[in-house]
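Here is a short report on one structure.

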Amino acid sequence: MGYRKSKISHMLTKVDMLGMSSFDVVVIGGGIVGLASARALILRHPALSIGVLEKEKDLAIHQTGHNSGVIHSGIYYKPESLKAKLCVQGAALIYEYCKQKGISYKQCGKLIVAVEQEEIPRLQALYERGRQNGVQGLRLIQQEDIKKKEPYCRGLMAIDCPYTGIVDYRQVALSFAKDFQEAGGFVLTNFEVKDIELAKESPSRSKDGMKYPIVIRNTKGEEVQCQYVVTCAGLYSDRISELSGCNPDPRIVPFRGDYLILKPEKCYLVKGNIYPVPDSRFPFLGVHFTPRMDGSIWLGPNAVLAFKREGYRPFDFSARDIMDVIIKSGLIKLVFQNFSYGVNEMYKACFLSATVKHLQKFIPEITVSDILRGPAGVRAQALDRDGNLVEDFVFDGGVGDIGNRILHVRNAPSPAATSSLAISGMIADEVQQRFKL
Ligand SMILES: Cc1cc2nc3c(=O)[nH]c(=O)nc-3n(C[C@H](O)[C@H](O)[C@H](O)COP(=O)(O)OP(=O)(O)OC[C@H]3O[C@@H](n4cnc5c(N)ncnc54)[C@H](O)[C@@H]3O)c2cc1C
C-alpha cells in the first residue's frame with residue numbers, strides 16, 4: 001500500500017512539474033474496469049499520453065473493493081451475451097495474470113446446489129447453459145457426491161464447477177494500476193469529475209483547443225484537457241454520461257449486499273463456494289457461502305435497495321440519490337412487479353435468524369450464534385425506464401462533438417471483476433475503431 005501511494009503521489013508531482021494537464025485519452029474511474037482499460041490502452045498505444053481520474057484518494061475502493069471475490073466461470077449468463085463471452089474469456093485471463101504476477105488466488109471450485117425438488121429442472125437448464133457457454137469441467141452430481149465435496153452440505157443435486165476460484169480483486173486492480181504507471185500512464189486521485197465540456201477556445205484558433213478539444217473539470221475547479229474519454233464510473237456511470245451530454249438512460253439503481261461472517265471455529269463447515277439455484281428473474285446470484293483469501297468464510301450478499309450510492313450502512317441516505325431513482329428510473333415499476341421479493345430481502349437483512357433459516361437449507365448445522373455481521377457492498381445495477389434490470393454489460397458512445405469522442409461503460413455489474421481483462425481488450429478495440437487511433 002505504502003509503495004503504491006508514494007508511487008501515485010510521485011506521478012502526481014510529475015504531472016504538476018511538467019505542467020501536463022493534457023492527455024490523448026482520459027479514463028474516468030479508478031476501479032478494476034477503468035484500471036484494466038487504461039492498462040490495455042497504454043500497452044497497445046505506448047506513444048499516447050493516458051490519464052486515469054479517480055475521485056477518491058485511493059484506487060479501487062468501491063465495488064472493486066467490496067465484493068465476493070469470486071472468479072466466476074461463466075455458467076449463468078445467456079449464451080452469446082457479452083457477459084457469457086467476456087466472463088469465460090476473463091476468468092482464463094485473470095488466472096493467467098495472477099500466475100504471472102504472483103497474486104494469490106485459489107481455484108477452490110463451486111457447487112450450485114438444488115435443495116428443493118422444484119429447483120432441479122432449473123439446475124439442469126443452468127448446467128446446459130454452462131456447457132453452451134464453454135465452461136470447463138462442469139458435472140451434474142447427486143447427493144453422495146455433494147457430501148464428498150462438501151461434507152456438511154445437504155442437497156438433492158448440484159452442479160460441480162471446479163473452474164470457479166477466489167481472489168482479492170482490489171489487489172488485482174492495484175496491480176493493473178502499477179502496470180499502467182510503469183508503462184508511462186498517469187493516475188490522478190482526489191479528482192472528482194464534475195463537468196465535461198468542449199474547450200472554450202475555438203478549435204480553429206487555438207492549437208491546444210484543436211488537439212485537446214475536451215475539458216474535464218473537477219469539483220475544485222481544476223481541469224485536464226484531452227482528445228478522447230472512456231468512462232468507467234461504476235455507481236455514477238449514468239451521471240457521468242449525463243454530464244457529458246450523452247444518454248442518461250439506463251439509470252443506475254444501487255443495490256446493497258450485506259455479508260455475514262462465519263466465526264473462525266465454524267469455518268470447517270465450508271470448503272469451497274456453495275451457491276443456491278438462482279432466481280432467474282434477477283441478475284443476483286443469491287446468498288452464497290464463499291471462502292475468502294484470508295481463510296474466513298463470508299455468507300451473502302443479499303440484495304436490498306440502497307438509499308445512497310456508495311452507502312455501505314443500512315441507514316446511509318441521500319435525498320438526491322433516492323429522488324433520482326424514483327423519478328428518473330423505472331424503479332416504481334420494478335418495486336410493484338417484485339414487491340414480495342423486496343420485502344423478503346429487507347426482512348432477511350433486518351433479522352439474522354431469517355437469513356440463517358435460509359442458510360440451514362444448505363448447511364443445517366449453522367446457527368445464529370455461529371455468525372457475525374460483516375461488511376457490505378453496493379452494486380451498480382442499470383435499470384431501464386420500463387423497470388427492467390439491464391442484464392448484460394452495456395457500452396455506448398454518444399453523438400455530437402463530445403459524444404463522438406466518448407465511450408461509456410454503462411452497466412458493468414458482476415461478473416465484471418472476473419471479466420475485467422476481457423472487457424479491457426474489448427474497450428481497447430472499440431477505442432481504436434471509434435477514434436481511429
Ligand atoms: C456485493 C458485490 C459482490 C460482487 N461479487 C463479485 C464477484 O464475486 N465476482 C465478480 O466478478 N464481480 C463481483 N461483483 C461485481 C464487481 O465488483 C464489479 O462489477 C466491478 O468491481 C466493477 O468495477 P468498476 O471499475 O466498473 O466499478 P468500481 O469499482 O465501482 O469503480 C468505479 C470508480 O469510479 C469512480 N468514480 C465515480 N464517479 C467519479 C467521478 N465523478 N470522478 C472520478 N471518479 C469517479 C469511483 O470512485 C470508483 O473508484 C460484485 C459486486 C458487489 C457490489
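This is a predicted model: local features need pLDDT of at least 70, side-chain atom pairs count only at pLDDT 80 or more; totals for chains, interfaces and linings use all residues.

In it, a backbone N or O atom of G69 sits 3.5 Å from an oxygen atom of the ligand. For E54, an N or O atom of the side chain is 2.6 Å from an oxygen atom of the ligand. For T418, a polar side-chain atom is 2.7 Å from an oxygen atom of the ligand. The ligand on its own would expose 1,000 Å², and the protein buries 97% of that area.

## The shell around the ligand

The ligand has 38 residues around it. E54, T64, V70, A412 and T418 come nearest. Sorted by class, the shell holds 19 nonpolar, 14 polar and five charged residues.

## A nonpolar patch on the surface

M323, I326, I327, I332 and F336 form a nonpolar patch on the surface. Together they have about 520 Å² of accessible area. Helices α9 (319-328) and α10 (331-337) each give at least two residues to the patch. The largest share, three residues, comes from α9.

M323 is one of the patch residues, and it lies in helix α9. Is M323 buried or partly exposed? M323 has a relative accessible area of 43%, so it counts as partly exposed.

Technical notes: Residues are numbered from 1 along each chain as its sequence is written. Side-chain values use heavy atoms; hydrogens and water are left out. A residue is near a molecule or strand if one of its heavy atoms lies within 4 Å of it. A polar contact is a pair of N or O atoms within 3.5 Å; within protein, one must be able to donate a hydrogen and the other to accept it, and residues adjacent in sequence count only if both atoms are side-chain atoms. Accessible areas come from the Shrake-Rupley method with a 1.4 Å probe; for residues, only the protein chains shown count as cover. Ala, Val, Leu, Ile, Met, Phe, Trp, Tyr, Cys and Pro count as nonpolar, Asp, Glu, Lys and Arg as charged, and the others, Gly among them, as polar. Patches are made of residues with over 30% relative accessible area and no salt bridge: like charges are joined within 9 Å, nonpolar side chains (Val, Leu, Ile, Met, Phe, Trp, Tyr) within 5 Å. A salt bridge is a side-chain nitrogen of Lys or Arg within 4 Å of a carboxyl oxygen of Asp or Glu. Helices (H or I, at least four residues) and strands (E, at least two) are DSSP runs, numbered from the N terminus. Buried means under 20% relative accessible area, exposed over 50%, partly exposed in between (1.4 Å probe, protein chains only).
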